[in-house]
Amino acid sequence: MRRFWMRSLTGQWIALTLVALAASQILFYYIYRAEQARTVLELRRDEFLARAAAVARLVDTVDPSLHPEILRATNTGVVRFWMTGTGPGEMLAWQADAGARLLESARPPEASLLPPQPRARWEAPAGENRFASPEARMAVLKDWNGFGLVVPVKEGLWLNAVYAKPGAVSGPPWFHYLSLAIAAVLLTLVSVLLVRRLARPLRRLTDSAERVGRGEEVPPLPEEGADDVRHLTVAFNRMQSRLRRFVEDRTRMVAAISHDLRTPITSMRLRAEFIDDEETRTKMISTLDEMKAMAESTLAFAREEAVTEETRPTDINALLGSLCADLCEIGWKVGFREGERTVWRCRPDALRRAFRNVIENAVRYGGSARVGFAVSAEGLEVMVEDDGPGIPADQRERVFDPFVRLEDSRNRGTGGAGLGLSIARSIIRSHGGEITLEDGPPFRVGVTLPRD
């Protein structure tokens with residue numbers, strides 16, 4: 001799970017999208033709350049002033065004896081009206097009186113908790129002048145979510161009004177959580193679809209690059225998708241084409257050189273036959289035969305490299321078993337520790353040649369060979385052991401160079417052009433693997449092939 005969120009493109013995209021969504025929703029929530037509170041407060045103010053103006057006109061036109069009935073009829077749980085003989089007085093004293101009058105009703109029950117508003121001030125009513133007298137005064141009671149009003153109605157009489165509705169002015173909090181959850185789910189689904197569409201050509205490109213690195217023949221990838229991905233695919237196809245041409249040109253050049261060398265070597269050998277000094281003639285002919293063998297080996301290698309083999313699933317147990325059986329039939333001492341059926345994607349003919357070269361070296365210079373394989377977390381491991389003298393540590397890299405034979409550890413009379421291990425490592429590396437030499441006893445050659 002941690003790998004998905006931290007390293008995969010889909011996980012990172014979803015995580016960044018959700019973080020951006022949460023940040024934007026939080027910011028929007030506070031902006032929305034502030035704007036909603038301002039709008040609701042203005043609506044409540046206008047409604048309160050309109051109602052107060054209607055009550056003021058009513059009490060101004062009727063007999064004062066009817067005022068108590070009118071005020072009792074117009075009072076509600078959140079709005080209270082009462083008459084006084086004086087105008088606006090000290091604000092905190094007026095608030096205490098207004099709070100006490102709100103407590104006379106069952107609503108709001110929070111009235112007993114209304115805090116004093118020391119910053120409230122009497123001001124002229126905002127907006128349209130709804131009252132005939134310019135002496136009307138209004139106060140905004142912020143923490144009450146309400147207002148106070150004092151208006152002269154008759155000579156010596158003032159109408160007092162208070163509106164209070166404590167509590168949040170926005171909708172329930174769960175609504176915001178629900179909207180955030182729905183937006184998160186929808187954005188996650190869209191992100192998954194978008195990233196999968198974007199990642200599909202990238203996965204295809206990764207798979208093709210891995211196969212090209214193993215020497216497989218890969219058809220050109222379809223150039224589709226977003227511009228950036230399409231440009232990357234075009235560059236990959238162009239690179240693969242150039243690499244293929246480079247390898248083909250190099251192989252043809254090596255084959256041509258090896259082929260052309262055979263003619264002058266043959267000519268020089270014929271001329272060497274006419275040398276009178278027998279010792280000199282023998283040495284020259286031996287040297288020319290060795291040069292001819294090198295040229296023939298190089299030409300054979302170049303011809304095989306020019307043939308492109310298809311990668312296919314192969315039973316490694318059967319491949320190694322049949323190879324060891326063939327070598328035993330020609331009289332070589334080769335033992336094979338048979339294992340379970342293990343299918344591996346490879347180029348079987350090339351891999352068979354690589355293993356044959358390694359086993360032949362073990363038999364020639366160690367007298368016998370023991371072959372086995374195992375599957376590990378790293379991939380497929382093939383071991384070839386022999387009882388030979390081994391190779392000095394400082395020479396182990398050099399033996400993989402073409403035409404190199406170590407005099408102190410290999411008998412020159414056994415033959416060979418010195419291309420066996422070089423060809424084997426070339427084939428193994430083209431499969432994405434590696435070949436290593438380990439000291440003994442017994443001396444061991446290890447071949448590791450990676451998983452697909």
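Student: Is Trp 94 buried or exposed, and what is its relative accessible area?

Tutor: Trp 94 is buried, at a relative accessible area of 8%. "Buried" means under 20% relative accessible area, "exposed" over 50%, and "partly exposed" in between, with a 1.4 Å probe and protein chains only. Keep in mind that this is a predicted model, where local features need pLDDT of at least 70, side-chain atom pairs count only at pLDDT 80 or more, and totals for chains, interfaces and linings use all residues. Residues are numbered from 1 along each chain as its sequence is written, and side-chain values use heavy atoms, leaving out hydrogens and water.

Student: How do I read aromatic pairs, and how many does a search of the whole structure find?

Tutor: A pair of aromatic rings is described by the distance of the centres and the angle of the planes. Rings of Phe, Tyr and Trp (its six-membered ring) pair if their centres lie within 6.5 Å; planes under 30 degrees apart are stacked, over 60 edge-to-face, and the rest tilted. The search turns up five pairs. In one of them, Phe 48 and Tyr 163 have ring centres 6.2 Å apart and planes at 45°, so that pair is tilted. Both residues are buried. Trp 94 and Trp 122 have centres 5.1 Å apart and planes at 80°, so they sit edge-to-face.

Student: What about the largest nonpolar core: which residues touch the most other members?

Tutor: In soluble globular proteins, nonpolar side chains tend to be buried together. A nonpolar core here is a set of buried Ala, Val, Leu, Ile, Met, Phe, Trp, Tyr and Cys residues joined through side-chain atoms within 4.5 Å. The largest one has 38 residues, and Leu 320, Phe 355 and Ile 359 touch the most other members. Helix α9 gives the most to this core, with eight residues. Helices (H or I, at least four residues) and strands (E, at least two) are DSSP runs, numbered from the N terminus.

Student: At what angle does α9 pack against α10?

Tutor: Two packed helices are described by the angle between their axes and the distance between the axes. Axes are lines fitted to C-alpha atoms, for helices over the stretch in contact, and angles run from 0 to 180 degrees between N-to-C directions. Helix α9 (residues 348–366) and helix α10 (residues 420–430) pack at about 145°, with axes 9 Å apart.
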